[in-house]
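Welcome! Let us work through a few exercises together, step by step. Keep the picture at hand as you read.

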Amino acid sequence: MNIANDMDAGQNLTKQVIKSGGSVKYWWPTEMEEKQWYLHHPEHNKFGFDTTYNDRIYHAFLSRFDLSDGFITKWKSILPEYKKFWLRLFRKKWKRVS
């Protein structure tokens, strides 16, 4: 797979899968900190730095350039809910064991 200058790795991979007859299911942007780029879709028409897809997958674009502030901010915002989730999950498992 050759990376082209006009597309990122994910876009290139998607193109190759389709070209080879594979099927693709897209994740749509549901939240973003900074709208940066146009997305060719009538409903989901922008994406950018620190984009969350399908309310589940977070992507910090250009993190290879050490732009990690957005990731750290996002993690701090969800950390309290994440802790509550794991406590509930493990509390149930511990009760079953005892």
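Contact means that heavy atoms lie within 4.5 Å. This is a predicted model, in which local features need pLDDT of at least 70 and side-chain atom pairs count only at pLDDT 80 or more, while totals for chains, interfaces and linings use all residues. Residues are numbered from 1 along each chain as its sequence is written, and side-chain values use heavy atoms, with hydrogens and water left out.

**Exercise 1. Describe the order of the elements in the protein.**

Step 1: Helices (H or I, at least four residues) and strands (E, at least two) are DSSP runs, numbered from the N terminus.
Step 2: The protein has two helices and three strands.
Step 3: Starting at the N terminus, their order is α-β-β-β-α.

**Exercise 2. Work out the surroundings of Thr 51.**

Step 1: Find Thr 51 in strand β2, which covers residues 46–53.
Step 2: Buried means under 20% relative accessible area, exposed over 50%, and partly exposed in between (1.4 Å probe, protein chains only). Thr 51 has a relative accessible area of 0%, so Thr 51 is buried.
Step 3: Leaving out residues up to four places away in sequence, Thr 51 touches Pro 29, Glu 31, Met 32, Ile 57, Tyr 58, His 59 and Phe 61.
Step 4: A polar atom of the Thr 51 side chain lies 2.4 Å from the backbone oxygen of Gly 48.

**Exercise 3. Classify the ring pair of Trp 37 and Phe 47.**

Step 1: Rings of Phe, Tyr and Trp (its six-membered ring) pair if their centres lie within 6.5 Å; planes under 30 degrees apart count as stacked, over 60 as edge-to-face and the rest as tilted.
Step 2: This rule gives two aromatic pairs. In one of them, Trp 37 and Phe 47, the ring centres are 5.3 Å apart and the planes stand at 45°, so the pair is tilted.
Step 3: The pair links distant parts of the chain, with Trp 37 in strand β1 (residues 29–38) and Phe 47 in strand β2, ten residues apart.
Step 4: Trp 37 counts as partly exposed because its relative accessibility is 29%, whereas Phe 47, at 17%, counts as buried.

**Exercise 4. Is Phe 71 buried or partly exposed?**

Step 1: Look for Phe 71 in helix α2, residues 69–97.
Step 2: The relative accessibility of Phe 71 is 43%, so this residue counts as partly exposed.

Methods. Polar contact = N/O pair within 3.5 Å; in protein donor to acceptor, adjacent residues only side chain to side chain.
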